Amino acid sequence: QVQLVESGGGLVQAGGSLRLSCAASGYISGINAMGWYRQAPGKQRELVAQITYGGRTNYVDSVKGRFTISRDNAKNTIYLQMNSLKPDDTAVYYCYGQILGAGAVRYIDYWGQGTQVTVSS
């Protein structure tokens, strides 16, 4: 069984920083893209940042220059360094990964349970 486990959320003042981590575990044959979505109350879930196995990244415009996604393929782990946080960044952040489970024939999107990030003004 494949699992994604997130950590690192919390409460921070505006202008502060947080670092999220997401580790994939279980019987895994391969991982393609991984990334972070977020969902604020009353809003649709949006893609925040994504990174390919080779390290190519893309970000939603609202976080460019403030957030950095990185990846450690040896540990099946991604990170999201969030700097200069704003109240609008408040949301539940979800990790996802396109993962080929052991014995599987195609990649499937797996999701973490979500971690709350709250930025106070």
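Strands, labelled E, are DSSP runs of at least two residues, numbered from the N terminus. On this basis, Asn76 is placed in the loop between E7 and E8. The structure described here is a predicted model.

Asn76 has a positive phi of about 50 degrees, although this residue is not a glycine. Most residues other than glycine have a negative phi. The relative accessible area of Asn76 is 26%, and the residue is therefore partly exposed. A positive phi is also found at Ser84, again a residue other than glycine, with a value near 50 degrees. Ser84 belongs to the loop between E8 and E9. With a relative accessible area of 40%, Ser84 is likewise partly exposed, since this class covers values between 20% and 50%.

The interior was examined next. In soluble globular proteins, nonpolar side chains tend to be buried together. The largest nonpolar core of the model comprises 27 residues. Within this core, the residues with the most contacts are Trp36, Val48, Phe67, Leu80, Met82 and Tyr93. At least two core residues come from each of strand E3 (18-25), strand E4 (28-39), strand E5 (46-51) and strand E7 (67-72). Strand E8 (77-82), strand E9 (91-101) and strand E11 (115-120) each supply at least two residues as well.

Aromatic contacts were then considered. The structure contains 3 aromatic pairs. In one of them, the ring centres of Tyr37 and Tyr96 are 5.5 Å apart and the ring planes stand at 70 degrees, so the pair is edge-to-face; planes over 60 degrees apart are placed in this class. This pair joins distant parts of the chain, with Tyr37 in strand E4 and Tyr96 in strand E9, 59 residues apart. The two partners fall into separate accessibility classes: Tyr37 counts as partly exposed because its relative accessibility is 23%, whereas Tyr96, with a relative accessible area of 3%, is buried. The cut-off for burial is under 20% relative accessible area. Through ring pairs, Tyr37, Tyr96 and Trp111 are linked into a cluster.

Two arginine side chains are positioned over tyrosine rings. The charged end of Arg19 sits over the ring of Tyr79, at 4.2 Å from the ring centre. Arg45 lies over the face of Tyr94, and the distance to the ring centre is 3.9 Å.

The surface was also searched for pockets. Rolling a probe the size of a water molecule over the atoms shows where empty space is left. The largest pocket has a volume of about 160 Å³. Its lining is formed by Arg38, Gln39, Ala40, Lys43, Gln44, Glu46, Ser62, Arg66, Lys86, Asp88, Asp89 and Ala91. By class, 7 of these lining residues are charged, 3 are polar and 2 are nonpolar.

Two of the lining residues, Gln44 and Asp89, were examined individually. Gln44 is located in the loop between E4 and E5 and is exposed, with a relative accessible area of 74%. Asp89 is located in the loop between E8 and E9. In contrast to Gln44, which is exposed, Asp89 is buried, as its relative accessible area is 2%.

Asp89 also takes part in a contact between separate chain segments: its C-alpha atom is 6.7 Å from that of Val119, and the two residues are 30 residues apart in sequence. Val119 is found in strand E11 and is buried, with a relative accessible area of 6%. The C-alpha atom of Val119 is also 5.0 Å from that of Val12, although these residues are 107 residues apart along the chain.

A further pair of positions involves strand E10 (residues 108-111), which contains Ile108. The C-alpha atoms of Ile108 and Asn32 are 9.8 Å apart in space, and the two residues are 76 residues apart in sequence. Ile108 is partly exposed, with a relative accessible area of 35%.

Key: Residues are numbered from 1 along each chain as its sequence is written. This is a predicted model: local features need pLDDT of at least 70, side-chain atom pairs count only at pLDDT 80 or more; totals for chains, interfaces and linings use all residues. Side-chain values use heavy atoms; hydrogens and water are left out. A nonpolar core is a set of buried Ala, Val, Leu, Ile, Met, Phe, Trp, Tyr and Cys residues joined through side-chain atoms within 4.5 Å. Buried means under 20% relative accessible area, exposed over 50%, partly exposed in between (1.4 Å probe, protein chains only). Helices (H or I, at least four residues) and strands (E, at least two) are DSSP runs, numbered from the N terminus. Rings of Phe, Tyr and Trp (its six-membered ring) pair if their centres lie within 6.5 Å; planes under 30 degrees apart count as stacked, over 60 as edge-to-face and the rest as tilted. A charge sits over a ring if NZ of Lys or CZ of Arg is within 6 Å of the ring centre and within 35 degrees of the ring normal. On a 1 Å grid over the protein atoms alone, a cavity is a set of points where a 1.4 Å probe fits but cannot get out, and a pocket is an open set with protein on both sides within 12 Å along at least five of seven lines; lining residues have an atom within 4 Å of a point. Grid points are joined across faces, edges and corners, and a volume is the space filled by probe spheres set on the points. Ala, Val, Leu, Ile, Met, Phe, Trp, Tyr, Cys and Pro count as nonpolar, Asp, Glu, Lys and Arg as charged, and the others, Gly among them, as polar.
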